[in-house]
Amino acid sequence: MDFKKWEPVYEKILEDFGFSREDDENSATLLSHLLIGPNTVDTSALEELISGKDALVCGNAPKLEIDLKEVNVEDYVIIAADGATAHLMDNGIVPHIIVTDLDGDVEKETEANQQGSIMVVHAHGDNTEKLLRYVPQFKNVIGTTQAEPFANIHNFGGFTDGDRCVFLAHEFNAKSITLVGFDFYDKNVTPMKEKKLKWAQRLLGAF
Ligand SMILES: Nc1ncnc2c1ncn2[C@@H]1O[C@H](COP(=O)(O)OP(=O)(O)OP(=O)(O)O)[C@@H](O)[C@H]1O
Ligand SMILES: Nc1nc2c(c(=O)[nH]1)N=C(CO)CN2
Ligand SMILES: [Mg+2]
C-alpha cells in the first residue's frame with residue numbers, strides 16, 4: 001500500500017476514534033525493536049503463500065461456523081483474523097497466516113504459531129503491553145503499523161484485523177479473496193466493535 005494513499009484514510013480513523021498518531025508510532029517503534037531476527041520472517045514468505053492462490057479470509061463473526069461448512073478449506077491459503085484463529089484451531093484447521101493485534105485468544109494463536117502459522121502482528125497505540133508480553137514468545141513474525149511504515153514495520157493498508165487480512169491478500173496478489181465469518185450487522189457487539197465494523201465495511205468497499 002502506498003502510504004500517501006492510505007494516510008488520508010488513517011487521519012480520518014484517528015479523528016473518528018480519538019486515537020493518537022504518536023502513540024501508534026511509538027508502538028510501532030517498540031514492535032520494531034522486539035523483532036530481533038530469529039523470531040521474524042521475510043515478507044517473501046507471504047508472497048510465496050499468497051501470490052496466485054485463492055485466499056480464504058476468516059473473520060470472527062458468529063456465522064464463521066456456518067460459512068466454513070460451505071467451503072473446502074484445503075483449496076485455499078487460509079488467513080485468520082485474530083479471534084477467528086481459535087475457532088479454526090478447535091476445528092483442526094491451522095491457518096497459514098494470522099493477522100492480529102493480540103486482543104483475541106493469544107494462547108490459541110501461540111499454538112497455531114508453533115504449528116507453522118505466520119504471525120502478522122499489528123502495533124497500535126493500545127496494545128504495547130500485549131506486544132511486550134507475546135511477541136518474544138512467537139516465531140515467524142511480520143510487524144505492521146497503521147501509521148507510516150519503516151525498516152521492518154510494514155503497512156499493507158487496513159484497520160481492523162479482518163479488513164487488514166484482505167488488504168494483505170491483495171498486496172501479495174492473491175488470485176481471489178473469499179470472505180467467511182464477516183457480519184457487519186451483528187447486533188451482539190459492543191458500541192466500539194460496531195464502530196470498528198463500520199470502518200471495516202467501508203474499507204472493504206474498495207475491493
Ligand atoms: N460480527 C463480527 N464480529 C467480530 N468480528 C467480525 C465480525 N464481522 C467481521 N469481523 C472481523 O473479524 C475480525 C476478527 O474479529 P475478533 O473478534 O477477533 O475481533 P478483534 O480482534 O477484537 O478485532 P479488532 O482487533 O480488529 O477490533 C475483526 O477485526 C473484523 O474485521
Ligand atoms: N490506536 C488503536 N488502533 C487500533 C485499535 C485500537 O483499539 N487502538 N484497534 C484496531 C483493531 O480494531 C486497529 N487499530
Ligand atoms: Mg484483534
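Okay, so the protein chain here has 9 helices and 7 strands, where helices (H or I, at least four residues) and strands (E, at least two) are DSSP runs numbered from the N terminus. Its radius of gyration is 16 Å, close to the 17 Å that the globule rule gives for 207 residues, so the chain is as compact as a globular protein of that length. That radius is taken over C-alpha atoms, and the rule is 2.2 Å times the number of residues to the power 0.38. Along the principal axes, the C-alpha atoms fill a box of roughly 45 × 40 × 30 Å.

Quick housekeeping. This is a predicted model, so to speak of local features we need pLDDT of at least 70, side-chain atom pairs count only at pLDDT 80 or more, and totals for chains, interfaces and linings use all residues. Residues are numbered from 1 along each chain as its sequence is written, chains are lettered from A and ligands numbered from 1 in the order in which they are written, and side-chain values use heavy atoms, with hydrogens and water left out.

On to ligand 1. It is surrounded by 19 residues, and the closest are Gly-83, Asp-103, Thr-160, Asp-161 and Lys-193; surrounding here means a heavy atom within 4 Å. By class that shell has 4 nonpolar, 6 polar and 9 charged residues. For the classes, Asp, Glu, Lys and Arg are charged, Ala, Val, Leu, Ile, Met, Phe, Trp, Tyr, Cys and Pro are nonpolar, and the others, Gly among them, are polar.

Which atoms touch? An oxygen atom of ligand 1 is 2.8 Å from a polar backbone atom of Asp-161, and a nitrogen atom is 2.9 Å from a polar backbone atom of Asp-183. Taken alone ligand 1 exposes 570 Å², and the protein buries 91% of that, by the Shrake-Rupley method with a 1.4 Å probe. Two elements give two or more residues to this shell: α8 (161-171) and α9 (191-204).

Now ligand 2. Its surroundings include Phe-19, Asp-24, Asp-126, Gln-146 and Thr-160, and the shell divides into 2 nonpolar, 4 polar and 4 charged. A polar side-chain atom of Asp-126 lies 2.7 Å from a ligand 2 nitrogen. For the side chain of Gln-146, an N or O atom is 2.9 Å from a nitrogen of ligand 2, and for Asp-24 that distance is 3.2 Å. The protein covers 92% of the 330 Å² of accessible area that ligand 2 has on its own.

Methods:
Polar contact = N/O pair within 3.5 Å; in protein donor to acceptor, adjacent residues only side chain to side chain.
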